Amino acid sequence: MLVDIIGKRRDVKIIAGCVDEGIDGYRSPSLECARELAESLSIEFVSLSYEEMGYERMDEVVQRMPIIANNHDEAKGMMPCSYCGVFRRQSLNALAEKVQADVMALGHNLDDMAQSILMNLQKGEIERSVRLAPHTDTPIEGLAPRIVPLRWVPEQEIHAYAFSKGLPIHHGDCPHAPGAMRQQSRAIVASLEAQSPGARHGLLHALEQIRELYREARGSHQSDVTNCQQCGEITSRPICQSCIMKQWLTESSQ
Ligand code: SF4
C-alpha cells in the first residue's frame, strides 16, 4: 500500500525490511513471501538475522533458556518472547541504520496495538506505553522515527485485503508463542471486541490521551533515557537488556 500511495514520489525511496529471528518452519516461509512481494513491486529487500546481530537463532535461545535461568535469577520465568522482543527491537534499529532510513514503517495492526497497550497497562508500565510507536510527535534522538500506518486497521481486514489482492501470505503460528503473555492478551482483546465492538479502537484512543497527558505533565523534563555503556543503544539502564541477554547467551555456551 505504501508503494501504491507514495512509491512514485521522486523524493521517496521505499526499502522492504525483515528481521529473521531464526525460527524453523515459521520465519523462513514468511521471509520468502516478503521477498517475493518486494520483488513483484520492484523494491529492494533487506533482512537481518539474530545471528548476524551477534545473538543466537531463537530456536537455539529456547534450548539454552533453562541453563540461563539456572545461572541468573533475573532470567527465571522469562518466556521466549522476552528475549525475542528485545532482540527484534535492536535488530530493527540496526536494519534502519543499515539502509540509513529516515523513517521506519512497522506492520502492526489494530489488534497487535490493542494487545500491546493492554499488556503494558496491566503491568503498570506507563513509560513503556507512551514510548510505543508511532514516534512522529516525539522522535527519539538517534533513532529513525517509527510510524505504524496500519495501526487503526483490524487484522481481519488486512487479511481480507491481502487475499483480494492475491498477496503472498504465510499462515502459521510461532512454535515458541504458547504461554506468552500476548496469547492471553489476544484472547482478552478478542473477547472485549466481541462484547463491545470498538473496544480495540478505544484502547488506542486511551493511549493517545495518556500520551498527551504524560507529555503535559512532564513538560520539558526528559524521560530517563541514556545510551548503553556497551553498545551505545538507547536504554533506561546503564547496560541495555540486549547486551545483558547477549552476555547470558555467551556464558550458556561455555
Ligand atoms: S511469538 Fe515470541 S518467539 Fe515467536 S516470533 Fe513472536 S516474539 Fe518471537
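Q: How many aromatic pairs does the count come to?
A: This is a predicted model. Rings of Phe, Tyr and Trp pair if their centres lie within 6.5 Å. By this rule the count comes to five aromatic pairs.

Q: Is the pair of Tyr-50 and Phe-87 stacked or edge-to-face?
A: The ring centres of Tyr-50 and Phe-87 are 5.5 Å apart. Planes over 60 degrees apart count as edge-to-face. The planes of these rings stand at 85°, so the pair is edge-to-face.

Q: How many residues apart in sequence are the parts that Tyr-50 and Phe-87 tie together?
A: Tyr-50 lies in the loop between strand 2 (44–49) and helix 3. Phe-87 lies in helix 4. The pair therefore ties together parts that are apart in sequence by 37 residues.

Q: Are helix 3 and helix 4 roughly parallel or oblique to each other?
A: Helix 3 covers residues 58–71 and helix 4 covers residues 80–98. Their axes are 10 Å apart, at an angle of about 125°. Angles of 65 to 115 degrees count as roughly perpendicular and those over 145 as roughly antiparallel. Helix 3 and helix 4 are therefore oblique.

Q: Which residues of helix 4 make the contact with helix 3?
A: Helix 3 passes helix 4 in a right-handed crossing. From helix 3, the contact uses Met-58, Val-61, Val-62, Met-65 and Ile-68. The residues of this contact divide into nine nonpolar, no polar and no charged. On the helix 4 side they are Pro-80, Tyr-83, Cys-84 and Phe-87.

Q: Is helix 3 roughly parallel or roughly perpendicular to helix 10?
A: Helix 10 spans residues 241–252. Helix 3 and helix 10 pack with their axes 10 Å apart, at an angle of about 85°. Angles of 65 to 115 degrees count as roughly perpendicular. Helix 3 is therefore, relative to helix 10, roughly perpendicular.

Q: How many residues of the contact of helix 3 with helix 10 are charged?
A: Helix 3 brings Val-61, Arg-64, Ile-67 and Ile-68. Helix 10 brings Trp-248, Leu-249 and Ser-252. Arg counts as charged. The contact has five nonpolar residues, one polar and, as charged residues, one.

Q: How many residues around the ligand are nonpolar?
A: The residues around the ligand are Ile-23, Tyr-26, Cys-81, Cys-84, Arg-88, Cys-174, His-176 and Ala-177. One residue of this shell is polar and one is charged. The nonpolar residues number six.

Q: Which residue does a cis peptide bond join to Ala-133?
A: Omega of this bond is about 10°. The residue lies in the loop between helix 6 (126–130) and strand 4 (146–147). The residue is Pro-134.

Terms used:
Residues are numbered from 1 along each chain as its sequence is written. This is a predicted model: local features need pLDDT of at least 70, side-chain atom pairs count only at pLDDT 80 or more; totals for chains, interfaces and linings use all residues. Side-chain values use heavy atoms; hydrogens and water are left out. Axes are lines fitted to C-alpha atoms, for helices over the stretch in contact, and angles run from 0 to 180 degrees between N-to-C directions. Helices (H or I, at least four residues) and strands (E, at least two) are DSSP runs, numbered from the N terminus. Angles under 35 degrees count as roughly parallel, over 145 as roughly antiparallel, 65 to 115 as roughly perpendicular and the rest as oblique. A crossing is left-handed if the near helix is turned anticlockwise from the far one by less than a right angle, and right-handed if clockwise. Contact means heavy atoms within 4.5 Å. A residue is near a molecule or strand if one of its heavy atoms lies within 4 Å of it. Rings of Phe, Tyr and Trp (its six-membered ring) pair if their centres lie within 6.5 Å; planes under 30 degrees apart count as stacked, over 60 as edge-to-face and the rest as tilted.
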